[in-house]
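Start with the model itself.

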Amino acid sequence: MTDSLGFRRKFGVIAPSTNTSVQPEFEAMKPYGVTNHFSRIHIPDDPVHNDDDFNELMVSIRKELMVAIDRVMTCSPDYVVMGMSAETFWDGLEGSIEFQKRCEERAGVKIAMGSDACQAALRRYGDIKRISVITPYMPIGDENVRKFFTDCGFEVVNIKGLKCQSPMLIAHVSEKELRDAINEVDDDSVEAIVQVGTNLAMARVAGIAEFWLDKPVLAINTATYWWALRQNGIEDKVQGFGSLLLEH
């Protein structure tokens with residue numbers, strides 16, 4: 001029998017326990033007949049002041065990730081969406097491919113990754129080569145994001161790491177701060193701007209920014225959910241989150 005509410009697709013979503021942005025943004029994007037079912041990676045909201053602290057955060061995520069996948073698979077989702085992004089970029093393209101393989105083997109279904117989604121979204125806009133990136137991370141996180149996009153053939157012109165001081169505090173970054181970060185990383189040579197870090201609530205701002213910059217501005221939650229929908233044959237156009245979900 002088909003799930004009565006998720007009769008088109010039932011998505012399992014993996015997100016950190018500290019993340020308060022990805023769930024409401026995904027919910028706002030979902031078409032009729034698609035449902036999202038969250039499983040949380042339990043992590044502490046410890047302070048993050050430097051690269052060592054950020055590495056400790058990644059250790060906490062890795063320790064609990066597979067348990068979260070096991071938990072969400074008990075509702076038998078058709079597909080899994082990775083609602084956290086740092087690990088999907090770690091160790092560049094090769095590391096991303098290996099990470100996806102491990103997760104899909106554990107889940108037994110296909111998984112949408114933020115890293116894959118971002119590069120797929122960029123390619124939908126044509127021959128984009130030069131991008132800028134906004135992250136909530138410490139420098140070590142930024143380095144892994146840069147490596148991933150470089151491995152994929154993009155040149156990262158500018159990268160702005162907001163150095164958020166704890167996993168939970170990422171969600172406290174205001175739309176004004178995000179607007180200022182967009183303007184800071186933009187210049188005439190930049191063909192698109194990408195934001196990573198699923199607890200940065202940038203989906204709405206990114207869509208608005210496309211109007212004043214006249215170029216793609218991709219929020220990772222928008223890109224990831226768009227990729228999940230399109231990978232499952234759901235072509236619905238969704239308003240309010242920029243050109244990716246509306247036109248592609």
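## Terms and model

On a 1 Å grid over the protein atoms alone, a pocket is an open set of points with protein on both sides within 12 Å along at least five of seven lines; a cavity is a set where a 1.4 Å probe fits but cannot get out; lining residues have an atom within 4 Å of a point. Grid points are joined across faces, edges and corners, and a volume is the space filled by probe spheres set on the points.

The model is predicted: local features need pLDDT of at least 70, side-chain atom pairs count only at pLDDT 80 or more, and totals for chains, interfaces and linings use all residues. Residues are numbered from 1 along each chain as its sequence is written, and side-chain values use heavy atoms, with hydrogens and water left out.

## Largest pocket

The largest pocket holds about 270 Å³ of space. Its lining has 13 residues, with Gly207, Glu210, Phe211, Gly242 and Ser243 nearest the centre. Helices α8 and α10 (243–247) each give two or more residues to this lining; helices (H or I, at least four residues) and strands (E, at least two) are DSSP runs, numbered from the N terminus.

The pocket lining splits into 5 nonpolar, 4 polar and 4 charged residues. Here Ala, Val, Leu, Ile, Met, Phe, Trp, Tyr, Cys and Pro count as nonpolar, Asp, Glu, Lys and Arg as charged, and the others, Gly among them, as polar.

## Cavities

The whole structure has 2 cavities of 30 Å³ or more. Of its 21 lining residues, Pro16, Leu57, Ile61, Tyr137 and Ile170 are closest to the centre. Helix α2 (residues 51–72) gives the largest share, 4 residues. By class, this lining has 14 nonpolar, 7 polar and no charged residues.

The second largest cavity has a volume of about 40 Å³. Strand β8 gives the most to its lining, with 3 residues. That lining has 7 nonpolar, 1 polar and no charged residues.

## Helix α7

Which residues of α7 are buried? In this helix (residues 175–185), they are Leu178, Ala181, Ile182 and Val185. Buried means under 20% relative accessible area, exposed over 50%, partly exposed in between (1.4 Å probe, protein chains only). The four cover an arc of only 100° around the axis, so they sit on the same side of α7; the arc is that of the directions from the helix axis to the C-beta atoms. On the other side, Lys176 and Glu184 are exposed.

## Cysteines

The structure has 0 disulfides (cysteine sulfur pairs within 2.5 Å). The sulfur of Cys152 is 9.9 Å from the closest cysteine sulfur, in Cys118, too far for a bond. Cys152 is buried, at 10% relative accessibility.
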